[in-house]
Amino acid sequence: MAKLSKYTVAGVAGALLLTGASVLVLSFPAHSVSAESGNGSIARGGGTTIIQGGTGSPSFVPVLTTLAFHAEKSGSAVTGDFECLARAPAGAGPLSAQFTANAMYVTGQITGAVSNGDTATLTGTANITGLGAGSGVPFELLVHKGGPGSTVVLTTKGLPMLVFNEILLEGSIQVFSGDN
């Protein structure tokens, strides 16, 4: 039987120890910061969306939006921001693919949030120009985790109440686990 050098034995022992430590660490489940301590990210994302059905009947003019949001929890407080700029075509014919007309702008503060699995509902108040214009307008933003194809539903609860069903074309949405 061949005699192993002390360096070979030490190397094998070290490799086994490292493997065992790795297995031990990886066997514990991961937890989000917000679920463990009540602090941390709830949801965040941004990108370009298209509103399903555009402006609606009878014209069905397409509307693209650029949106960005983030919501965090610190103790019992939820804070965050929401921005959404809706653009419509500049005109008919050759201008119909130039989304340069500002149809609506929403800028708001997020003050409430509930996350459940891959979805989060963010609430707060916003200042809105264009469609549904007003100050301190309550809103609800329902976001679904993922990349292109994920959905967002913005409901502004002013007069009139408006609901926008949007599909993410570019960008991503992250939702972190745990009720917040």
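Select valine 153 and display its surroundings: leaving aside neighbours within four places in sequence, valine 153 is in contact with Glu140, Leu141, Leu142, Val163, Phe164 and Asn165. Please bear in mind throughout that this is a predicted model.

Keep valine 153 selected and colour the chain by secondary structure. The residue is found in strand S7, which covers residues 151-156. Is valine 153 buried or exposed? With a relative accessible area of 19%, valine 153 is buried, because the cut-off for that class is under 20%.

Valine 153 and threonine 121 are 9.4 Å apart in space, while 32 residues separate them in sequence.

Now move along strand S7 to threonine 156, which is also found in this strand. Threonine 156 counts as buried, at 1% relative accessibility. Which residues does threonine 156 touch, not counting those up to four places away in sequence? Select Met104, Ile128, Val137, Pro138, Phe139, Met161 and Leu162 to show them.

Two helices and eight strands are present, and along the sequence their pattern reads α-α-β-β-β-β-β-β-β-β. Of the 180 residues in the protein, 33% are buried. Among contacts between residues at least 6 apart in sequence, 45% join residues at least 24 apart. Switch to a surface display to finish: the protein exposes about 10,100 Å², and carbon and sulfur atoms supply 64% of that area.

Key. Residues are numbered from 1 along each chain as its sequence is written. This is a predicted model: local features need pLDDT of at least 70, side-chain atom pairs count only at pLDDT 80 or more; totals for chains, interfaces and linings use all residues. Side-chain values use heavy atoms; hydrogens and water are left out. Helices (H or I, at least four residues) and strands (E, at least two) are DSSP runs, numbered from the N terminus. Buried means under 20% relative accessible area, exposed over 50%, partly exposed in between (1.4 Å probe, protein chains only). Contact means heavy atoms within 4.5 Å. Accessible areas come from the Shrake-Rupley method with a 1.4 Å probe; for residues, only the protein chains shown count as cover.
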